[in-house]
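Biologist: Please show me the model, and let us then discuss how its parts are arranged.

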Amino acid sequence: MLKINNLHASVEDKTILRGINLDVKPGEVHAIMGPNGSGKSTLASVIAGKEEFELDEGDIVFENENINELSPDERAHKGLFLSFQYPVEIPGVSVTNFIKTAINETRKAKGMDDMPANEMLKLIREKSELLDINRKFLSRSLNEGFSGGEKKRNEIFQMAMLEPKLAILDETDSGLDIDALRIVANGVNKLKSKDNSVILITHYQRLLDYVVPDYVHVLYEGRIVKSGPKELAQELEAKGYDWIKEEVNA
Amino acid sequence: MELKEKLVSSFMAFEDYVDVNDSIHDIRTEAIRTFEKEGFPTKKQEAWKYTSLNSVLKHDYSVFPKEDNSLEFKDVKPYFIHEIDAYRLVFVDGKYSSNLSQTTHEGLDVCLMSAALNKPKYRVIIENYFNKIATKDGIASLNTAFSAEGAYIHIPKNKLVDKPIQILHFSTGNESALMLQPRNLIIVDENSHVQIIERHHSLTSHPILTNSVTEIFTNKRAIVDYYKIQNDTQNASLIDNTFISQKQESIAKVHTFSFGGKLTRNNLNFYQNGERIDSTLKGVTIIGDKQHVDHNTLVHHVEPNCESHQDYKGIFGDKATGVFNGKVLVEKEAQKTNAFQANNNILLSDKASINTKPQLEIFADDVKCSHGCTIGQLDESAMFYLRSRGIPEKEARALLMFAFTSNVLDSVKIPEMKNRITKIIANKLGVNLGFEL
């Protein structure tokens, strides 16, 4: 699904990623954890194709294709999805119009016609129920005045609508109370299948209680310094990151 | 011969040719003297500092258009908001086109300025209203001197006009260069409500210069909803002078959509004469190439408890230039005034520019007046967000531009009109977003 080889990336001459290797197979859930400033969000943005980052070295291979040079929209058309840590507020564009445009542009890129309106409505109804989203919410301006929980739920709603092959959830659990966390996690679990994969980027163990990872990686100073099974997350929760730092610096 | 001299020397011939009554003759004679003295505005004048007329004045315009320039309905159909039943006043090269128009005298007057100026039954109204609020500067005086044709609309009291009135001016290119000076007079009496759409469109690549004057009077509790569509061709320029005098509790709204033309100058002036008046001035400007759009607004608050709302959005690409000069004048007696002004701009290229200048002169001490202007680029993080969802760059830009203009579009009260504007914008941005905003 996704293979990252020796990835180095920088922003404004500041190197952030220093040789990332990652292999995500279909159906797998990977968690990427790490202290603040270790490069977790940068990794997510670089995979999604954010142009302000300079890709200095290495390859990102998605579905056996090198996507280093693809634009964010082209990556999305191939089935990549990034749930933002801080979803952008866009006054004047409703959630519904936004998602319709996203779906139809993706279909257009694949040489398909627009999704018929009734089909679109049915899909919207189905997915909003899955995430316990009020219909009124869908006619509001995208993320404008949304609470933290609403923003994150809206991200997962978009994911549900777009049905990506690989979803990267960047700190989707931050700012969520326990009920919202459960709804979001439920949504993610329902959308999981043997064919698609998830990368969870998180600080904390608590999301991983609901969405159980196959692998846990620890990112520190731009490198994956430790990988292990789901128990590694519990260990990090209990012991913090200092022991990892000591191990790396030793 | 320079245009100014040509116009001045044409004046006598013009008056012979329109055959008018004495009172109008006096107004015209005075107006041509004013124009002769002041001429066209230049950049030396503060109000014209950022707009030079030099490039539009250099052509040898015909001042008297040839007669029969008949167009057929199919030629101009795209410019009508044709999904709706509307009264129409259509002018072709400055001449009234009866076959394209739909006028009325049943319960309201939607007819011609030439009729109003000449027929005795309108004389009292003309004497009371004509040229009463148009400024006496060079450019408006030039129009006054040559005023002969345009729209005359009189809505009697307690009348809710059932359909919008469209005023359309077409130019056909029968002349190598043509100057048009339409003159409109609109009077809306007590408790009446009317929607008006005005558009100027050139069907030719020949230079066209339109110098238009519109005087609007809204009497007590009247509501006027006025829309201007400015989406003309590369060689068409427009100087629009609109003056609105409002009586107590009346509501007047003017939306100006400026999407094209070589040079467009909007002089929009609101004069409030009564209490609890509401004035709204909104606009969306989206231009590129070397186009120029200048909004020069004035709201004059004279009495207490009135409001004004100004909201202008501008998007400038290529080498386009924009000007916003918004003046709010609050007289000493105008306590409890609530005046709001916003001008937000996006520059899409390094070579595009906007000069924005809010001007507040407040002599009352218990008022709420706010103004804000911004100049920026499209938000890169919003672009990334949209693109990460599969929306390509061009469409993502378009979506953000729509979003930027949405609160002006949202206040358009005629759905067909809003649809049309949305389509014009989408067309201009080269996108099909597949939904109506």
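Modeller: Let us begin with a definition: angles under 35 degrees count as roughly parallel, over 145 as roughly antiparallel, 65 to 115 as roughly perpendicular, and the rest as oblique. The model is predicted, with local features needing pLDDT of at least 70 and side-chain atom pairs counting only at pLDDT 80 or more, while totals for chains, interfaces and linings use all residues. Residues are numbered from 1 along each chain as its sequence is written, and chains are lettered from A and ligands numbered from 1 in the order in which they are written.

Biologist: Which term describes how H8(B) and H9(B) lie to each other?

Modeller: Helices (H or I, at least four residues) and strands (E, at least two) are DSSP runs, numbered from the N terminus. The axes, lines fitted to C-alpha atoms, for helices over the stretch in contact, have angles that run from 0 to 180 degrees between N-to-C directions. The axes of H8(B) and H9(B) come within 9 Å and cross at roughly 125 degrees. H8(B) and H9(B) are therefore oblique.

Biologist: How many nonpolar residues has the contact of H8(B) with H9(B)?

Modeller: Two residues are in contact if their C-beta atoms, placed from the backbone, lie within 7 Å. Ala382(B), Met383(B), Leu386(B) and Arg387(B) of H8(B) meet Glu393(B), Ala396(B), Leu399(B) and Leu400(B) of H9(B). Ala, Val, Leu, Ile, Met, Phe, Trp, Tyr, Cys and Pro count as nonpolar, Asp, Glu, Lys and Arg as charged, and the others, Gly among them, as polar. By class, this contact has two charged residues, no polar ones, and nonpolar residues numbering six.

Biologist: Which element gives the most to the side of chain B that touches chain A?

Modeller: In this interface, 21 residues of chain B are in contact with 25 residues of chain A. The elements of chain B that give two or more residues to its side are H8 and H9. The most, eight residues, comes from H9(B).
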